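This briefing goes through one protein model by topic. Keep the sequence and the 3D view open while reading.

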Amino acid sequence: MKAKITANKNFIISEIDKRIYGSFIEHIGRAVYNGIYEPEHSTADDAGFRGDVIELVKKLNVPIVRYPGGNFVSGYNWEDGTGDKAKRPQKQDLAWFTIETNEVGIDEFQEWAKRADTEVMMAVNLGTRGVEDAKNCIEYCNADTDTYYANLRRKNGFEKPFGIKVWCLGNEMDGRWQIGAKTPQEYARLATETAKVMKMVDPSIELVACGSSGPYQKTFGEWELTLLDHAYDYIDYVSLHSYYNNKANDTPSFLARAEEMDLFIKGTAAICDAIKAKKHHTKTVNLSFDEWNVWKSIGATSAPEKWTKAPHFLEDVYNFEDALLVGCLLMTLQNNCDRVKMACLAQLVNVIAPIMTENGGSTWMQTIFYPFMYASNYGRGKTLRTIVECDNYHTKNNKEYPFLYSSVIDNTDKGELIVFAANRSLDEDMELELSAENYENCKLIEHIQLYSDDLTACNDKDCQRVVPDEVPLTEDGTILLKKHSWNMLRFKY
Ligand code: AHR
């Protein structure tokens, strides 16, 4: 099969905000405890953070990490995770029915973020709490005044404010599973007043309001319209969450979920713009896709055994086809970089995550680690608008999709054109031609491929079965994308 991508140097979608390669650490399962934090581990640093995990996080080059939830935040008191560790309360976490020791809180997490070369995206609790606690939390984290919460931070050993720039106004408040879930009106009012007050404390912050927890939420649309009607003046981003899996055992449809993510993004952006027009506003509200991934065990709402600490929970093992979809979803984010300014792969360590740890033992990389690593490290610059010519395939529900899924990014700093491309045919290799208009002497310098004969192949702690390999370049410049493969092509110009 033949396919062609035409890209033109002048046809730019937008500059990519590097924060689309963000991720997420929630207090859930072994994400925090025995994930990023394990003081007894042989690689632990003076603060108890696992050095081997930080090393892998750095390989992923994650610029921002959302914290502390997720569903967890909707029952969380941020004060519990500050100050003298010996005095911190142990509490029930009603989001996942586990015991939270509070050994790690914002005092520690902002330090971990520094050590992992990343930034914190902090969520406040709008489930059981509201304006007052959000106000206090932002004063504690960001204020330099001689006032109670800023002084409490100083007393706890942090003279300088943490300077957290991005704040989420709650989590999935449209979800009936959420502690303190809200109707569209209830959330719209609460988010507006909380946003207003948080910006009084620190006008330099950026605020993300909860959009829908997925495109299939009954309130999708109405939720965003109501929210934006109230909060437009005060917020900067609307969030989107979506998880995907192949429970139907239908790989062609599964790989086409990248287009579903695209529709969700475009629909939410259209709603933001409708309210912008209605309000005669000049400001544009952009999008934060701050939870996305393949999630096979979706629906599990409680840890296997209730009221345990750091249980093994939601530790999905990803296979090769999951990595193919994650690669495609990243292309969707890149192609929508004019509206999606932040996104978080949910999550980062142990819980539906690219990085896995053994308690007291080693770390290992899941299949999805690799497309994310390449996208994050090389997918920097400007996404180009392209024309893709190739054959289509039909899914069981009679929808039509191109076999080739791709994104093209111009990294002007490096003088490189980066093409991410997935061949979604399950049987046929694809010969790919790139027509790079207005680029002189565009030369392929590297072809990285993620491929396995077996779509169900997984990695584990003893064996990395699915790893990228470098494809030897051909003399005549022919580019071959193997059947069901994910690829990164680097061209120098
Ligand atoms: O990432 C796991 C959970 O998925 C988060 O806690 C929640 O926000 C979403 O439903």
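The model is a predicted one. Eight strands close into a barrel with parallel pairing, and nine strands form an open sheet with mixed pairing. The salt bridges number 37.

**The barrel**

- The strand order around the barrel is E2-E3-E6-E7-E8-E9-E10-E11. From one strand to the next, the twist averages 30°.
- Helix H8 (residues 257-278) packs on this sheet and touches E9, strand E10 (286-294) and strand E11 (340-345). The direction of H8 makes about 160° with that of E9.
- Strand E2 (residues 22-24) runs parallel to E3, and two bridges join them. Ser23 has Val65 in E3 as its bridge partner.
- Strand E7 (residues 166-169) and E8 run parallel and are joined by four bridges; Cys168 stands opposite Val208 in E8.
- On its other pairing, E8 is parallel to strand E9 (residues 237-244), with two bridges. Here Ala209 stands opposite Val238 in E9.
- Within strand E8 (residues 206-209), Glu206 and Val208 point one way, Leu207 and Ala209 point the other way, and all are buried.
- A right-handed β-α-β unit is made by E7, helix H5 (residues 184-201) and E8.

**Buried positions in and around the barrel**

- Trp167 is found in strand E7 and is buried, with a relative accessible area of 0%.
- Beyond residues up to four places away in sequence, Trp167 touches Met122, Val124, Cys137, Ile138, Cys141, Asn142, Met198, Ile205, Glu206, Leu207 and Val208. Met122 is 45 residues from Trp167 in sequence, yet their C-alpha atoms are 4.8 Å apart.
- Glu172 lies in the loop between E7 and H5. Glu172 is buried yet has no salt bridge, and the nearest side chain of opposite charge, Arg66, is 6.7 Å away.
- Apart from neighbours within four places in sequence, the contacts of Glu172 are Asn71, Trp177, Gln178, Cys210, Ser213, His241 and Glu291.
- Helix H2 (residues 106-115) is largely enclosed by the rest of the structure, because seven of its ten residues are buried. The buried residues of H2 are Ile106, Asp107, Glu108, Phe109, Gln110, Trp112 and Ala113.
- The cover over these residues of H2 includes helix H1 (51-60), strand E3 (64-67), strand E6 (119-124) and helix H3 (131-142).

**The open sheet**

- The strands follow the order E21-E20-E23-E18-E17-E14-E1-E19-E22. Strand E21 (469-470) and strand E22 (479-481) stand at the edges with a single partner strand each, so one side of each has no neighbour in the sheet.
- E22 pairs with strand E19 (residues 430-437) in the antiparallel sense over three bridges. Glu431 has Leu480 in E22 as its bridge partner.
- Helix H10 (residues 369-378) packs on the sheet and touches strand E18 (416-423), strand E20 (443-450) and strand E23 (485-492). The direction of H10 makes about 20° with that of E23.
- Thr6 lies in strand E1 (residues 2-15) and counts as buried at 14% relative accessibility.
- Leaving out neighbours within four places in sequence, Thr6 is in contact with Arg385, Thr386, Ile387, Glu389, Ser435 and Glu437.
- The C-alpha atom of Thr6 is separated by 35 Å from that of Ser213, 207 residues away along the chain.

**Salt bridges**

- Glu416 and Lys492 form a salt bridge, with the closest N and O atoms 3.7 Å apart. Glu416 lies in strand E18 and Lys492 in strand E23, so the pair ties together parts 76 residues apart in sequence.
- Glu416 is buried at a relative accessible area of 5%, whereas Lys492 is partly exposed at 35%.
- Asp262 and Lys266 meet in a salt bridge of 2.8 Å, N to O. These two residues are separated by about one helical turn, because they are four residues apart in helix H8.
- Asp262 counts as buried at 19% relative accessibility, and Lys266 as partly exposed at 45%.
- The side chains of Asp144 and Arg154 also meet in a salt bridge, at 3.2 Å from N to O. Asp144 counts as exposed at 57% relative accessibility, while Arg154 is buried at 19%.
- A network of salt bridges links Asp45, Asp46, Glu111, Lys114 and Arg115.

Methods. Residues are numbered from 1 along each chain as its sequence is written. This is a predicted model: local features need pLDDT of at least 70, side-chain atom pairs count only at pLDDT 80 or more; totals for chains, interfaces and linings use all residues. Side-chain values use heavy atoms; hydrogens and water are left out. Two strands pair if DSSP finds at least two bridges between them. Contact means heavy atoms within 4.5 Å. Axes are lines fitted to C-alpha atoms, for helices over the stretch in contact, and angles run from 0 to 180 degrees between N-to-C directions. Buried means under 20% relative accessible area, exposed over 50%, partly exposed in between (1.4 Å probe, protein chains only). A crossover is right-handed if, with the strands pointing away from the viewer, the path from the first strand over the helix to the second runs clockwise. Lys and Arg count as positive and Asp and Glu as negative; His and the chain ends are not counted. A salt bridge is a side-chain nitrogen of Lys or Arg within 4 Å of a carboxyl oxygen of Asp or Glu.
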